[in-house]
Amino acid sequence: MPRLDWAGLLRRTFVLDVFASAGCGGWRQVLAYVTAPSGVLSILEHLGLPTRPATLAPAQGPPQSTWC
């Protein structure tokens with residue numbers, strides 16, 4: 001199965017170029033990525049970010065007032 005180009009998919013779907021830098025007008029580059037769960041956990045803890053996954057809730061329909 002071919003891999004999806006996630007940056008290209010975001011660009012085509014949402015007209016969002018994740019590599020464009022709004023600050024300087026240049027282009028970002030991926031220098032490294034972390035795949036080991038322990039490494040991701042360490043980075044999140046160091047940054048003070050949540051380390052537990054979000055709680056999923058069932059999907060809800062729109063409020064009934066939008067149908068009237």
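The protein exposes about 6,800 Å² of surface, and carbon and sulfur atoms supply 63% of that area. Keep in mind that this is a predicted model. The chain has 68 residues, and 4% of them count as buried. Its secondary structure comes to 2 helices and 0 strands.

Start with the layout. Helix 1 covers residues 6–14, and helix 2 covers residues 37–47. A loop runs between helix 1 and helix 2, and Ser 21 is found there. Val 34 sits in this loop too.

Now look for aromatic rings that pair up. A search of the whole structure finds 1 aromatic pair. The partners are Trp 6 and Phe 19, with ring centres 5.8 Å apart. Their planes stand at 50° to each other, so the pair counts as tilted: an edge-to-face pair would need an angle over 60 degrees, and a stacked one an angle under 30. Where do the two partners sit? Trp 6 belongs to helix 1, while Phe 19 lies in the loop between helix 1 and helix 2. They are 13 residues apart, and the pair links distant parts of the chain. Phe 19 has 24% relative accessibility, so this residue counts as partly exposed.

Is Ser 21 buried or exposed? Its relative accessibility is 18%. Buried means under 20%, so Ser 21 counts as buried. Which residues does Ser 21 touch, leaving aside its neighbours within four places in sequence? Ser 21 is in contact with Gly 26 and Arg 28.

Val 34 has a relative accessible area of 45%, so it is partly exposed.

Conventions. Residues numbered from 1 in each chain as written. Predicted model: local features only at pLDDT ≥ 70, side-chain atom pairs only at ≥ 80, totals over all residues. Heavy atoms only, no water. Helix = DSSP H or I, 4+ residues; strand = E, 2+ residues; numbered from the N terminus. Buried < 20%, exposed > 50% of the residue type's maximum accessible area, 1.4 Å probe, protein only. Contact = heavy atoms within 4.5 Å. Areas by Shrake-Rupley, 256 points an atom, 1.4 Å probe, with all protein chains shown as cover. Phe/Tyr/Trp six-rings, centres within 6.5 Å; stacked < 30°, edge-to-face > 60°.
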